Every structure is written in C-alpha cells, then in structure tokens.
Amino acid sequence: MTIRLIIVDDDPLVRAGLTLMLGGADDLDIVGEGSDGRDVPELVARHAPDVVLMDIRMPHVDGLTATELLRVRPDAPEVVVLTTFHADEQVLRALRAGAAGFVLKDTPPAEIVAAVRRVAAGDPVLSPAVTRQLMTHVAGRPEQPRRTTAADRLAALADREREVAVAVGHGRSNAEIAAELYMSVPTVKTYVSRILAKLDLNNRVQIALLVHDAGLLDEEQGSA
C-alpha cells in the first residue's frame, strides 16, 4: 500500500531535503507541500494524505495549532511533528492534540521513513523509553485541576481496562502487558482499542499522558 504524505515546513531547504530523503522510498508518495500551518486544511482537503509531517515553528499558524485543528476533523490524517528538541513543552502539547509522535530534524533518513510507515500503520513513533522520558522531564507533576479531570475520565474504565491503561502509561508494549496481566496479545489489543474508544483518544501515547495526569503512576510508585 502506498502511503500518501504531506510535508509542512517553512524552510524550503528542509522541505527539499525531506522530499529527497522520503521520495526514494517505493511505498511513500509525497502528494503535497506547505510552508505554513495555514496551508494544511486546503492541502489535506485536496490531497487526502495518510500522514502529515509537520514542523512546529512556523510564522503564521504554527504546527501545534494546525495539528489541533486537523485532528478534530473526521477521517483526519495522522500527524508526526518535526522538532529540534528531544523534550519540549511544545512536543507535549502536540501529543495531547493527537499527534502520533515526533521526530527530530537530524534523525537519519531511514528512521524518518520507518516512523512514517509506523504511523500510517496506526502505531505511535515514540518508543516506550522516549514516552517515559517525555513524561518525566516535560510533563512534571500535573496541576491539580488537570489531575482531577484526568481521574474523572479514567473513572469510566472497568478495572481490567484501568490495569491495561496503567501498563500503557508505563510505556510497556502489548507483549509485555500480556505477560504481566496474563492475557494474550490479541486480548491486550482489544482492551487498548476499547480504552481509546471509551476515552475518545487517538493513540496509546495519549493514554499514557492521561494516566500520568491522573497521578496513577505516582500512586504505584508510592505503594511499591
């Protein structure tokens, strides 16, 4: 299956470099380019991409605002944000908005191609280690209103769903969750899909952030 891709970055040299790198992959088709977040709605409507590779800092409409506006659309494409920072408050905002992950601009070409493929397949591009680092070094201890709101949302989950959600919050893979909770991997996938639907989330990174915001990881550490 060919993955339809749009690249949005205000630097023409970056766009040219990404086009050169990604255009060599047989299964990637770069169907459009934009120089600002304000170009995104028209580009998406015209080209119906599977993935948007989005820069964060742009002069008129930044990539974060463009991601937030895009992800509320029906049948929205997945978004991977481009950044020069390993851990940045803006990256956290992008993930909360529904971005499937982020890649650094100096990431090797093969890894960027792999990230686009993974996102198109429905998998976030953040490894468990990066997820934990991001939550630890960027999110910090959640403010009380956010903690209360997150806890109220998670109250909709059944006990087993909550256990799976907490395991996702720890950055564990489906196989690791299956071994820990004595489930099959397909059953874990079913639970994750059910959690996403119940909580109206886009991907497991958002589950992890919600669990963190609710303070459930702190509770586990305190009882350990």
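# Close-up views of a predicted model

**Figure 1. Contacts of Gln 206.** Leaving aside neighbours within four places in sequence, Gln 206 is in contact with Leu 95, Arg 96, Ala 97, Gly 98 and Leu 201. The model shown here and in the other views is predicted. Gln 206 belongs to helix H11, which covers residues 204-213. Its relative accessibility is 7%, and Gln 206 counts as buried because this value is under 20%. Leu 95, one of the residues in contact with Gln 206, is 111 residues away along the chain, yet the two C-alpha atoms are separated by 6.8 Å.

**Figure 2. Helix H11 and the residue Gly 215.** Helix H11 is mostly covered, with nine of its ten residues buried. The buried residues are Val 205, Gln 206, Ile 207, Ala 208, Leu 209, Leu 210, Val 211, His 212 and Asp 213. Just after the helix comes Gly 215, which takes a positive phi of about 80°.

Figure 3. Helix H3 spans residues 63-71 and contains Thr 67. Thr 67 has a relative accessible area of 0% and is therefore buried. A polar atom of the Thr 67 side chain lies 2.7 Å from the backbone oxygen of Gly 63. An α-helix has 3.6 residues a turn, so residues three or four places apart point the same way. When residues up to four places away in sequence are not counted, Thr 67 touches Met 54, Val 79, Val 81, Ala 94, Ala 97 and Ala 99. Ala 97 is also among the residues in contact with Gln 206 of Figure 1.

**Figure 4. The five-stranded sheet.** Five strands form an open sheet in the order S2-S1-S3-S4-S5, and their pairing is parallel. Strand S2 (28-34) and strand S5 (101-104) are the edge strands, and each pairs on one side only. From one strand to the next, the twist averages 25°. Strands of a sheet pair through backbone hydrogen bonds, either parallel or antiparallel.

**Figure 5. Pairing of strands S3 and S4.** Strand S3 (residues 51-55) pairs with strand S4 (residues 78-83) in the parallel sense, over five bridges. Within this pair, Val 52 stands opposite Val 79 in S4. Val 79 is also one of the residues that Thr 67 touches, as are Met 54 and Val 81.

Notes:
Residues are numbered from 1 along each chain as its sequence is written. This is a predicted model: local features need pLDDT of at least 70, side-chain atom pairs count only at pLDDT 80 or more; totals for chains, interfaces and linings use all residues. Side-chain values use heavy atoms; hydrogens and water are left out. Helices (H or I, at least four residues) and strands (E, at least two) are DSSP runs, numbered from the N terminus. Buried means under 20% relative accessible area, exposed over 50%, partly exposed in between (1.4 Å probe, protein chains only). A polar contact is a pair of N or O atoms within 3.5 Å; within protein, one must be able to donate a hydrogen and the other to accept it, and residues adjacent in sequence count only if both atoms are side-chain atoms. Contact means heavy atoms within 4.5 Å. Two strands pair if DSSP finds at least two bridges between them. Axes are lines fitted to C-alpha atoms, for helices over the stretch in contact, and angles run from 0 to 180 degrees between N-to-C directions.
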